[in-house]
Each structure stands twice: as C-alpha cells, then as structure tokens.
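Please keep the sequence and the coordinates in view while reading.

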Amino acid sequence: MDLRAELLKSIWYAFTALDVEKSGKVSKSQLKVLSHNLYTVLRIPHDPVALEEHFRDDDDGPVSSQGYMPYLNKYILDKVEEGAFVKENFDELCWTLTAKKNYKPDRNGNSVVSHQDAFKLWCLFNFLSEDKYPPVMVPDEVEYLLKKICTAMNVELNSCELDDYLSQEPQGQEGLTVWQFLDMVNSGRFLRGIEQEAISMAVEEVYQEVIEDVLKQGYLWKRGQLRRNWSERWFMLKPSVLSYYMSEERKEKKGSIALDKHCCVEVLPDRDGKRCMFCVKTSSRTYEMSASDTRQRQEWTLAIQTAIRLQAEGKKSLHKDLKQKRREQREQRDQRKAAKEEETQRLKQLQEEKERKLQELELLKEAQRQAEILLQEEEQRRRQQHEEMQRTLEIQLREAEQARASMQAEMVLKEAEAERQRKRILELEAMQERLQEALQQEVKARQDEEAVRYAQARLLAEEEEKLKQLMKLKEEQEEYIIKTQREKQVLKQEMENKNKCLEEAQKQLEEVRVNRQRVDQDVMAAQRKLRQASTNVKHWNVQMNRLMHPIGPGDKRTNVSGGVFTGYQPLLSQRDSSLKLKQKVEDKSSGPMTDNSEENVSNGGNSGVLPSPDVDTMATEPTK
C-alpha cells in the first residue's frame with residue numbers, strides 16, 4: 001500500500017471522530033483546525049489563504065468527506081514527501097482524535113493493554129486492514145497479528161478459540177473493525193495469565209518489525225576501521241540501512257551501513273579471540289562483526305541477506321510485500337473456492353441430467369418390452385391363421401384330387417390354365433425384379449446406415465471441438481477476470497461480451513446435442529428399414545418358393561360323363577373368379593409396395609411396418 005493510502009486511513013478516523021452527530025459531515029471550524037494540525041505534523045508549508053478560501057464562512061452548512069477530499073488531495077496529500085516527516089507523530093494525532101470518541105478501555109483499570117499499546121495495535125490494524133472504508137481486518141490477518149504477538153511472548157495461540165470468537169461476532173467472518181479488535185484483545189480471552197509488561201514488550205517488538213520495518217535488532221560486537229578494536233553496539237536492521245547505537249535506548253547513534261543490491265554478507269572464521277564472526281561488504285568498505293553464538297550469527301546473516309534481496313527487487317518494506325502476497329493468496333483461494341463451487345454445481349446438474357436420461361431410457365426399454373409382447377401375440381395370431389389356412393388348403397387339395405378325373409377331358413380349360421401359368425411365370429419374373437429391387441433397397445439402407453454413422457461420428461467430433469472451445473473460452477474468461485480485478489469498472493463491458501460469447505458457445509453446444517439426438521433417431525430409422533427390408537426379402541422368397549411348384553399335365557379321360565361335367569362347372573367358375581380377384585389384388589399391391597418402401601426411407605422409418613400382399617391368397621393359389 002502506498003503512502004497516500006496509509007495517510008488516508010488515519011485521516012478517515014480523525015474525520016469520523018469529528019463527526020459528532022454521525023451525519024457524515026464536519027463543521028468548517030473543526031476542519032480548519034484539523035487541516036492546520038495536518039500541515040504541522042506532515043511538515044508542509046502553511047497556506048492560510050487557500051485554507052480560508054476553501055473554508056470561507058459564506059458557504060452554508062458543514063462539509064462532508066467528499067467535499068473535504070479535493071482540498072485534502074490538492075493542498076496536503078499532493079505535497080507530502082516520504083521521509084520528510086515522522087509517521088508516528090502523524091498517527092498519534094489521528095489516534096488522539098479518534099480514541100477520545102471510540103476507544104473505551106476498562107474503567108476499573110483491568111485492561112490487558114495500555115493506552116500506548118492500544119495506539120500501536122491501532123497502527124498495526126491500519127497497516128493490515130483492507131483498502132476499503134470503514135477499514136476492517138479479515139480473520140486471516142487477525143490470526144496473523146495475534147500469532148506474531150504470541151510468538152514474541154513464546155506463547156502459542158489457540159486458533160480454535162479464535163475461530164469460535166469470530167463465529168460469534170455478527171460480522172466476524174467478513175472482518176473486524178479496529179474497536180472490535182481492541183475489545184477482543186482487552187477481554188483477555190487470548191492472553192490469559194500474561195503480565196501487561198510482557199504484552200507491551202511483545203506489541204513493541206511487533207510494532208517495530210511491521211510498522212518501522214525493523215528486520216532484526218540486538219547487540220553485536222563491531223570492529224573499528226581505524227583503531228581496529230572491538231566495541232559492543234546495539235544494531236537495528238531495516239531494508240535499506242543497518243544502524244548501530246551505543247545502547248538499546250537508541251539515544252546516541254554511532255553510525256549506519258547503507259545497503260543496496262551490490263552489498264553482500266559473508267561468514268568469517270574465528271580469529272583474534274572472537275568467534276561467530278561475519279562481515280558485511282559494501283562498495284566502499286567491509287564491516288566485521290561478531291555474534292554471541294552461532295544461532296545469532298545465522299539469524300543476522302539471513303536477515304541482512306533478506307534486506308539486500310529487497311533492495312535488489314526494488315521493495316522498501318518486507319511486510320508490505322508479505323501482506324500483498326497474503327492478499328493474493330486469499331484472492332486465489334477465494335477464486336478456487338468459487339470455481340470449486342461452480343464445478344460442484346455443474347456436476348450436480350450433469351448428475352441430474354444423467355438420472356433424467358436414465359429414467360427416459362427405462363421408459364423406452366419398458367415400451368420396447370411392451371412392443372415385443374405385442375409382436376409375439378401378433379406372431380402367434382398369424383401362426384394360428386396360417387395353420388387354419390393350411391387345413392383349409394388341405395381340404396381344397398383333397399377336393400381338387402377328387403375333381404382331377406373330371407378335369408382331364410377339358411383340354412380347352414387346360415389350355416386356358418396353361419395361359420394362366422404363362423402369366424404366372426411373367427408374374428414370377430416381375431416378382432424376381434421386385435426382389436432384386438428389395439435387395440438393392442437393403443444395400444442402400446445399409447449404405448444409409450453407414451452414412452448416418454459417419455455423420456454421427458462427425459457430429460461427436462464437432463461436439464468435442466465445441467466443448468474444447470467452450471472450456472478455452474472459460475479459461476480465457478477466468479484469466480481475464482484475474483488480470484482485470486483492479487480495473488473491474490473499466491473492463492466491465494468487455495467481461496459482459498465474454499459472457500455473451502460463452503452463452504453463444506453453450507447454445508451451439510446445445511444445438512450439437514440436438515443434432516446428435518436427431519442422428520441417433522436417423523440411425524434407429526435406418527435399422528428399422530434394414531429389418532423391414534430383410535422381412536420383405538424373406539417374404540418374397542417364401543412366395544417364390546410356393547409359386548415355383550410345377551403343375552403336371554392331367555391324363556386324358558376316356559369316358560366323359562355329362563353328370564360329372566355338370567357338377568364340375570360351379571367349381572371352375574369359382575376358381576376363375578378367385579384367380580381374377582387374385583390378379584387384381586397383385587396389380588394393386590405391387591405398385592404401393594415400392595412407394596411405401598421409398599416413403600419409409602424418406603420418413604426415417606417412422607411409417608411403421610410396410611403393407612405386405614395378402615399372404616393367405618397367394619399361398620393358396622399355387623396349391624390350386
């Protein structure tokens with residue numbers, strides 16, 4: 001977070017403290033005093049003319065925060081220079097204003113932290129809080145700060161108890177305000193049995209580490225440059241400088257070592273009665289130092305290397321960098337959580353869709369079983385009819401045998417019968433042609449089935465391609481969201497366009513699924529056409545086998561009886577009429593058969609079973 005954002009948080013607390021009526025506005029006289037004090041602590045040259053001009057008395061009513069911000073930005077924040085003022089004095093000014101109104105320690109004097117420690121905790125809270133107003137500190141940062149304080153006291157924080165406390169707060173999961181945080185610390189719930197002095201030392205240590213960017217401090221022995229004698233000094237390491245003082249009170253500064261990316265730290269062997277030695281090499285000088293033990297030397301060398309690394313990376317504060325990394329990790333965790341929830345919802349929808357399709361499949365199977373039962377019943381009925389027809393044909397055959405003797409003398413009738421047989425041969429030839437057409441239809445149906453299968457495979461490939469495009473669009477959108485979080489308002493229209501593209505891709509995927517269902521229906525239709533063609537081939541084979549039985553010529557009658565001939569006339573007339581009826585039925589059925597087959601192919605097999613010729617009549621004729 002930059003200097004302007006840090007200053008604005010503290011000024012916000014001062015402004016809200018002056019808003020006694022909680023109306024969001026402060027009187028002009030109070031803002032004049034506040035601005036004058038800000039000029040003083042920030043060491044900015046006073047501009048009384050601009051101050052009086054901006055807050056002149058001819059304006060009516062108090063000033064809101066939005067009305068104060070232009071003056072604050074133009075005449076104060078734009079003129080602030082980092083390092084030109086003492087940040088602690090600025091924070092003390094804002095804390096003094098807001099603590100009088102909002103900070104309420106225990107009146108009996110049983111507060112865990114002192115007023116000065118509360119000020120330092122307030123500064124730590126402002127540093128770790130989110131960049132929004134009113135400032136809040138998320139539970140992860142609360143736990144991080146409490147762990148830092150407990151670690152400084154060699155005490156372990158009870159994370160479960162902290163989670164219980166945050167869950168009991170109305171808005172604990174979203175974050176705590178600074179006053180809620182101070183009340184939580186003063187309650188002693190997490191610092192039981194610890195003296196106030198130890199807590200103050202721990203808060204001071206964490207304050208120096210986080211706010212003042214003190215990476216490490218402590219006593220070290222330093223070798224002089226001229227006299228080469230060893231002196232014990234109190235060292236304080238910051239990201240840009242290593243300072244040393246006479247004592248830990250830091251009243252008399254003896255010198256400092258400027259650190260940059262060209263510096264380095266090395267471990268030295270023990271010599272001259274000194275042990276645990278190391279040196280810091282700069283571009284102009286090498287500083288030799290000695291630690292009290294090996295652990296201290298390792299901690300100091302690591303801390304100095306960290307400071308040099310920060311200078312090489314162009315970073316001014318270690319904890320600002322760590323805070324930004326923690327914030328990015330939280331954002332990534334929230335994004336992963338949202339993505340996981342979205343994936344769970346999508347899997348749930350897919351599971352529901354799968355269950356629905358399984359139910360539809362069960363219904364289709366049940367319908368198929370019912371159809372098979374109906375087909376079996378129909379087949380049994382046809383078999384019974386065929387048996388009855390066979391018995392009838394046997395009776396007619398016996399009658400024909402009895403009448404054969406009377407038919408031998410009727411040569412004219414036999415010639416007519418021979419003519420009819422020739423016609424029958426022509427019919428058989430026509431039937432053979434129809435059988436060949438049926439075979440061709442079966443071959444064409446198989447080719448159609450192959451084409452449909454190829455189309456189905458192509459549609460499946462297209463569906464996979466669309467799905468890949470959809471996933472690619474989704475990944476691009478997620479990457480775009482991550483990159484443009486800080487410019488969310490500017491790129492909102494572009495994000496909506498991405499969403500529209502995603503919806504169009506989903507619609508295209510839905511169309512591909514519909515096409516796939518249509519292709520599945522076409523495959524089922526082709527299969528039904530194959531079964532129908534096979535049935536037609538079998539049917540015509542049976543008809544051809546029945547019609548191919550040869551009819552032998554009858555023996556010549558020696559004695560023609562008038563009575564017998566007279567009795568045979570009704571039978572002949574009946575047979576002629578049946579043959580004519582048979583001829584008409586065949587002429588009518590031969591044409592629609594091919595039309596129906598073509599109609600079934602064009603309609604995708606939805607027209608049902610093809611109408612077949614009268615099996616009973618055609619099976620009867622060859623026997624007669």
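A residue is called buried when its relative accessible area is under 20%, exposed when it is over 50%, and partly exposed in between, with a 1.4 Å probe and protein chains only. By that criterion, 35% of the 624 residues of the protein are buried. The model is a predicted one, in which local features need pLDDT of at least 70 and side-chain atom pairs count only at pLDDT 80 or more, while totals for chains, interfaces and linings use all residues. Residues are numbered from 1 along each chain as its sequence is written, and side-chain values use heavy atoms, leaving out hydrogens and water.

With contact meaning heavy atoms within 4.5 Å, 67% of the contacts between residues at least 6 apart in sequence join residues at least 24 apart.

An open sheet is formed by 7 strands in the order 6-5-4-3-9-8-7, with antiparallel pairing; two strands pair if DSSP finds at least two bridges between them. Its edges are strand 6 (253–258) and strand 7 (264–268), each of which pairs on one side only. On average, neighbouring strands of the sheet are turned by 35 degrees against each other, direction ignored. Helix 11 (residues 294–312) packs on this sheet and touches strands 3, 4, 5, 7 and 8; the direction of helix 11 makes about 165 degrees with that of strand 7. Angles run from 0 to 180 degrees between N-to-C directions, and axes are lines fitted to C-alpha atoms, for helices over the stretch in contact. Within the sheet, strand 3 (residues 216–223) and strand 9 (residues 286–290) run antiparallel and are joined by 2 bridges. Lys222 has Met289 of strand 9 as its bridge partner.

Elsewhere, helix 6 (residues 115–128) meets helix 10 (residues 196–210): their axes come within 10 Å and cross at roughly 35 degrees. Among the residues making this contact are Phe119, Leu124 and Phe127 of helix 6 and Val203, Val206 and Tyr207 of helix 10.

Finally, Gln532 lies in helix 14 (residues 492–547). Why does Gln532 count as buried? Gln532 is classed in this way because its relative accessibility is 13%. Gln532 and Ala438 are 94 residues apart in sequence, and their C-alpha atoms are 9.8 Å apart in space.

Notes:
Helices (H or I, at least four residues) and strands (E, at least two) are DSSP runs, numbered from the N terminus.
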